[in-house]
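Hello,

Here is the structure we talked about passing on. Please open it and keep it beside this message while you read.

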Amino acid sequence: MSTLCSFVDGWSEPVEPEIELKKCTKCFIEKPIDEFTIRQHITGIGGKNGLNGRRDQKEWRFNFCKSCKNKEVKVINRLKKIYPPPTSPDYKCPGCERTEFEIREGGSEYGSRTVWRLHHNHVTDEFEGYFCDDCNASMGRAQDNPKILRSLANSLERKNNGFKT
């Protein structure tokens, strides 16, 4: 079939744009990037600039898809009803052994939000306690793997890295 456009030098049929894919770290399925929520607190969407004023939405998405995120939120909300967050000012994080006051005093920015995060087993969905945001994030980044966390601690102790031990 011949069209007017086929006579134009260098013209070719339109190509469908490639859909950017990302692999979910929970279900391990590769999905279109739109299936991953933008990390609004980092990108600065909704008012203020995030990390270094950066507004790169593509690179700052959650590592798990919306479907997995929704399941996770339901588990956390169910567990929070059974195990409410700590309210005592004397409660200490089981990881770093700091109170909320000490954590906030250290310069962490939480605004009016609590520093406590419900930690749970991602396989069994069992409650494991309330940890501060820093410790919970550290455990999550280490894939809740004690061997990785011990190795990191050993490395810090060997090098002392200027931290108090």
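This is a predicted model: local features need pLDDT of at least 70, side-chain atom pairs count only at pLDDT 80 or more; totals for chains, interfaces and linings use all residues.

Residues are numbered from 1 along each chain as its sequence is written, and side-chain values use heavy atoms, with hydrogens and water left out.

A search of the whole structure gives 4 aromatic pairs. Rings of Phe, Tyr and Trp (its six-membered ring) pair if their centres lie within 6.5 Å; planes under 30 degrees apart are stacked, over 60 edge-to-face, and the rest tilted.

One of the pairs is Phe62 with Phe64, which is tilted, at 5.6 Å centre to centre and 40° between the planes. Phe62 is buried at 17% relative accessibility, and Phe64 is buried with a relative accessible area of 17%. Buried means under 20% relative accessible area, exposed over 50%, and partly exposed in between (1.4 Å probe, protein chains only).

Tyr91 and Trp116 have ring centres 5.0 Å apart and planes at 90°, so this pair is edge-to-face. Tyr91 is partly exposed at 24%, whereas Trp116 is buried at 4%.

Ring pairs also join Tyr83, Phe127 and Tyr130 into a cluster.

Two lysines lie over ring faces: Lys22 over Phe36, at 5.7 Å from the ring centre, and Lys26 over Phe64, at 4.7 Å. The rule is that NZ of Lys or CZ of Arg is within 6 Å of the ring centre and within 35 degrees of the ring normal.

Regards
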